[in-house]
Amino acid sequence: MSNGVNGTNFASLFTSADTLCQTSIPDRDGVVKKLLEMLAYNHGVGNVEHAFQLVMDREEKISTVIAPGIAVPHARLNAINNIVIGVATSKSGIRFHDGK
């Protein structure tokens, strides 16, 4: 399945090391920070606090919740030149700023 940009398969953009499975972290900020820490370790995304602020600034401009139970918080970082993705799952859900 290669429906992505330039034939890139979405699943090829991350590994199990970039995945936070069944997290018990209940809120957006905590999950985003944990994912950024993982991505900093695995891919050198740079300063985690700076990256976190960029993601939060983007999130405040417009929510990245794209469907019930799916969000894609993101930002462009000068520290890297390629796409890196962190994935988190949660049975109980992750609370975003709008309470969903």
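Gly-69 sits in the loop between β2 (65-67) and β3. Strands here are DSSP runs of E with at least two residues, helices are runs of H or I with at least four, and both are numbered from the N terminus. Gly-69 is exposed, with a relative accessible area of 84%. The term exposed applies over 50% relative accessible area, buried under 20%, and partly exposed in between (1.4 Å probe, protein chains only). Ten residues along the chain from Gly-69 is Ala-79, and the C-alpha atoms of the two are separated by 29 Å.

The model is predicted: local features need pLDDT of at least 70, side-chain atom pairs count only at pLDDT 80 or more, and totals for chains, interfaces and linings use all residues. Residues are numbered from 1 along each chain as its sequence is written, and side-chain values use heavy atoms, with hydrogens and water left out.

Strand β3 covers residues 70-71 and contains Ile-70. Ile-70 counts as partly exposed because its relative accessibility is 44%. Together with Ile-66 and Val-72, Ile-70 makes a nonpolar surface patch of about 270 Å². Patches are made of residues with over 30% relative accessible area and no salt bridge; nonpolar side chains (Val, Leu, Ile, Met, Phe, Trp, Tyr) are joined within 5 Å, like charges within 9 Å. Accessible areas come from the Shrake-Rupley method with a 1.4 Å probe, and for residues only the protein chains shown count as cover.

Most residues other than glycine have a negative phi. Gln-22 is not a glycine, yet its phi is positive, at about 50°. Gln-22 is partly exposed, with a relative accessible area of 44%.

Helix α1 spans residues 28-43 and helix α2 residues 48-61. Their axes come within 10 Å and cross at roughly 135°. The two helices are therefore oblique. Axes are lines fitted to C-alpha atoms, for helices over the stretch in contact, and angles run from 0 to 180 degrees between N-to-C directions. Angles under 35 degrees count as roughly parallel, over 145 as roughly antiparallel, 65 to 115 as roughly perpendicular, and the rest as oblique. The crossing of α1 past α2 is right-handed. A right-handed crossing has the near helix turned clockwise from the far one by less than a right angle; anticlockwise gives a left-handed one.

Side chains of opposite charge can pair when their charged atoms come close. The whole structure holds three salt bridges, each defined as a side-chain nitrogen of Lys or Arg within 4 Å of a carboxyl oxygen of Asp or Glu. Arg-28 pairs with Asp-29 at 2.8 Å, N to O. Arg-28 is buried, with a relative accessible area of 7%. Asp-29 is partly exposed, at 32% relative accessibility. Arg-28 also forms a salt bridge with Glu-60 (3.5 Å, N to O). Arg-28 lies in helix α1 and Glu-60 in helix α2, so this pair ties together parts that are 32 residues apart in sequence. Glu-60 is exposed, with a relative accessible area of 54%.

Lys-33 and Glu-49 meet in a salt bridge of 3.0 Å, N to O. Lys-33 belongs to helix α1 and Glu-49 to helix α2, so the pair ties together parts that are 16 residues apart in sequence. Lys-33 is partly exposed, with a relative accessible area of 24%. Glu-49 is partly exposed, with a value of 48%.
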